Amino acid sequence: MLDLTALRSHFPMLSATAHGEPLVYFDNGATSQKPVCVIDTEALFYRECNANVHRGVHYFSAEATRRYEQSREVLADFLAVESREIVWTKGATEALNLLAHGLTHTLCKGDIILISELEHHANIVPWQLAAARTGAELKAILVNSQGILELDTALALIARYKPKVLALCHASNGLGNIHDISTLIAAAKRHGAICVVDGAQALLHLQPKPKALGCDFYVASAHKALGPTGVGFLYGRYELLNALPPYQGGGEMIETVTIAASTYREAPGKFEAGTPNIAGVIAFAEALKFIQAQNAEALRTHEQALYRYLVTHLTQIDGITLYGDLSQNIGTVSFNFRDEHPFDIATLLDHQGIAVRTGHHCNQPLMQALNISGTIRVSLAFYNTFAEVDCFINALNAALALLAE
Ligand code: PMP
């Protein structure tokens with residue numbers, strides 16, 4: 001059993017008020033709240049250890065470097081990969097751009113890059129840019145009328161296109177659907193595809209193990225998994241990662257520089273040009289340790305019970321349309337009410353202290369497929385409570401009654 005009161009006491013923002021009402025934070029898909037250990041670690045670094053990494057022989061530079069590199073070990077342990085397979089980035093977006101840029105040299109005219117209609121713009125636009133540079137073609141696996149990526153459809157397209165690159169989200173940010181990534185990767189691997197997984201939404205909820213999934217690359221952002229903003233990572237199978245060309249040039253990523261030419265460090269160093277977000281990386285390691293210290297099964301059971309409770313209540317409201325796969329889901333509910341604008345409902349919820357997200361969620365192709373302009377998205381995390389769901393349902397009913405007047 002989870003001691004939710006104890007667990008929640010680690011997250012100062014969960015005691016905040018919004019518009020004078022206790023905050024009900026249901027926007028975890030946008031960013032998670034942060035435990036005290038993460039907040040304190042970031043501040044403490046600047047207070048007690050501030051120095052640049054890799055640059056000096058002095059005490060604090062060595063200490064900052066030690067903590068920065070130790071954080072890589074913590075993430076490697078969390079993902080069950082080698083630490084040299086992890087590149088720190090400023091987020092999932094930068095990691096996907098690094099990759100799409102780096103794979104340019106392996107893509108040729110006519111090659112297929114296969115994504116899905118469920119992808120976040122961060123897993124679409126970098127591939128469009130790569131396609132434009134190389135003459136490769138970007139294709140998408142279409143979703144069904146509920147916004148679900150059907151396995152048969154996906155497998156048929158993989159067999160038909162034999163993609164050079166398959167880039168899919170582990171879990172959808174707009175709808176919360178969890179994908180059968182290992183089956184899709186196994187199918188794409190039969191044709192020699194490079195398989196990329198966008199794990200931005202999965203890191204906190206599924207605690208992924210990229211090697212077990214069989215992918216070549218896995219990306220995510222720290223801030224959606226209790227860590228700070230401005231930090232993320234690219235995991236890459238070492239031989240493939242090391243074969244990628246540098247993404248950005250600058251200090252730290254080189255071995256030698258002359259005016260004529262430079263040589264680069266081995267991965268991951270060659271991808272980390274310039275001064276990184278040192279404090280953020282170190283604080284992210286605390287977030288991962290915090291997650292590891294919990295009972296993963298208990299977190300997931302609670303989150304799923306909460307999700308089912310929310311879905312049950314929502315389906316009892318006449319006029320609500322729910323989207324996505326309700327059976328395999330990280331705890332995100334996307335819905336609309338009749339033809340009311342999602343923004344109007346979310347504004348009325350906000351005035352009652354409830355934080356949800358509305359709009360297209362950086363999922364415009366998905367919204368086009370569903371023939372809607374946007375949804376109201378409730379995204380849960382393990383620290384949410386049944387009482388908060390009750391509060392949300394009451395507030396929603398009040399908002400809908402007001403709109404009906
Ligand atoms: N992919 C998915 C599935 C996401 O949910 C997000 C963030 N909403 C991103 C990529 C991009 O993450 P970031 O903005 O932190 O780089």
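Is alanine 140 buried, partly exposed or exposed? Alanine 140 counts as partly exposed, since its relative accessibility is 29% (buried is under 20% relative accessible area, exposed is over 50%, and partly exposed lies in between, with a 1.4 Å probe and protein chains only).

Some notes on the rest:

1. Ground rules. This is a predicted model, where local features need pLDDT of at least 70 and side-chain atom pairs count only at pLDDT 80 or more, while totals for chains, interfaces and linings use all residues. Residues are numbered from 1 along each chain as its sequence is written, and side-chain values use heavy atoms, with hydrogens and water left out.

2. The shell consists of Gly91, Ala92, Thr93, His120, Ala122, Asn173, Asp198, Ala200, Gln201, Ser221, His223 and Lys224 (a residue is near if one of its heavy atoms lies within 4 Å of the molecule). By class, the shell splits into three nonpolar, seven polar and two charged residues.

3. Threonine 93 puts a polar side-chain atom 2.6 Å from a ligand oxygen. For aspartate 198, a polar side-chain atom sits 2.6 Å from a ligand nitrogen. Glutamine 201 has a polar side-chain atom 2.7 Å from an oxygen of the ligand. On its own the ligand has 390 Å² of accessible area, and the protein covers 86% of that (areas by the Shrake-Rupley method with a 1.4 Å probe).

4. Helix 8. Leucine 203 belongs to helix 8, residues 202-206 (helices are DSSP runs of H or I with at least four residues, strands are E runs of at least two, both numbered from the N terminus). Leucine 203 counts as buried because its relative accessibility is 0%. Its C-alpha is 27 Å from that of asparagine 336, which lies 133 residues away along the chain.

5. Helix 12. Alanine 296 is in helix 12, which covers residues 296-315. With a relative accessible area of 36%, alanine 296 is partly exposed. Alanine 296 and glutamine 207 are 89 residues apart along the chain, with 8.4 Å between their C-alpha atoms.

6. Back to strand 6. Alanine 140 sits in strand 6, residues 137-141. From the C-alpha of alanine 140 to that of leucine 168 is 9.8 Å, with the two residues 28 apart along the chain.

How values were computed
Polar contact = N/O pair within 3.5 Å; in protein donor to acceptor, adjacent residues only side chain to side chain. Nonpolar A, V, L, I, M, F, W, Y, C, P; charged D, E, K, R; others polar.
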